[in-house]
Amino acid sequence: MKKQKQAVLGVAVFLVLAAVLFAVWQANRPQPEDGAKQITVQVVHSDGAEAEFTYRTDLEYLGELLTQEGLISGTKGEYGLFVDTVDGEQADYNLNGSWWRLSCNGEDAQTGVDEVVLQDGSVYTWSYTIG
């Protein structure tokens, strides 16, 4: 009986801790900004060539903007857009282990492109990556 109570207490503590961590995460994640934002998108291609694009938009999410502008494309899945083409260059993980890495202001993106909140003045970089 005592072990059963300890197990129930352990599960309860875990659930409370999970709820608190979720609330902290929700409170600290970037929120969309209203109004116009100007952002820069850099692309580093497989051959090392770089391209830079500047966008001014009222949209809230990076994926929506770059898809609309035709800079990225990919496959929609249960976790959002899986980007396989950026600036006309396709990465194929099954062929050679290549994929597109997204960074936001120099740090790896913590979400998929569909959930990256646009922030005025930010720089988003797509880097062709192998491995």
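1. A helix here is a DSSP run of H or I with at least four residues, a strand is a run of E with at least two, and both are numbered from the N terminus. Please keep in mind as you look around that this is a predicted model.

2. Five strands make up an open sheet with mixed pairing, and their order is E2-E1-E8-E6-E7. The edge positions belong to E2 and E7, each of which has a single partner strand, so one side of each has no neighbour in the sheet.

3. Next, follow the pairing of E1 and E2. These two strands run antiparallel and are joined by eight bridges. Val44, for instance, has Glu50 in E2 as its bridge partner. Five residues lie between the strands of this hairpin, and in it Gly48 takes a positive phi near 90 degrees.

4. E6 and E8 are also worth a look. They run antiparallel, with seven bridges between them. Trp100 is bridged to Tyr128 in E8, and Trp100 will come up again below, among the contacts of Asp84.

5. Now turn to helix H2, which spans residues 62-69 and has Leu62, Gly63, Leu65 and Leu66 as its buried residues. These sit on the same side of H2, because the arc they cover around the axis is only 165 degrees. What do the buried residues of H2 pack against? The answer is a set of strands: E1 (37-44), E2 (50-57), E3 (72-77), E6 (98-104) and E8 (123-130). Just after H2 comes Gly70, with a positive phi of about 80 degrees.

6. Asp84 is buried but forms no salt bridge: Lys76, the nearest side chain of opposite charge, is 13 Å away. The side chain of Asp84 does make a polar contact of 3.0 Å with the side chain of Thr85. Which residues does Asp84 touch beyond its neighbours within four places in sequence? They are Ser73, Gly74, Thr75, Glu89, Gln90, Ala91 and Trp100.

7. Finally, visit Gln119, in the loop between strand E7 (107-108) and E8. Is Gln119 buried or partly exposed? Its relative accessibility is 22%, and the cut-off for buried is under 20%, so Gln119 counts as partly exposed.

Conventions
Residues numbered from 1 in each chain as written. Predicted model: local features only at pLDDT ≥ 70, side-chain atom pairs only at ≥ 80, totals over all residues. Heavy atoms only, no water. Buried < 20%, exposed > 50% of the residue type's maximum accessible area, 1.4 Å probe, protein only. Arc of directions from axis to C-beta. Contact = heavy atoms within 4.5 Å. Lys, Arg positive; Asp, Glu negative; His and termini not counted. Salt bridge = Lys/Arg side-chain N within 4 Å of Asp/Glu carboxyl O. Polar contact = N/O pair within 3.5 Å; in protein donor to acceptor, adjacent residues only side chain to side chain. Pairing = 2+ DSSP bridges.
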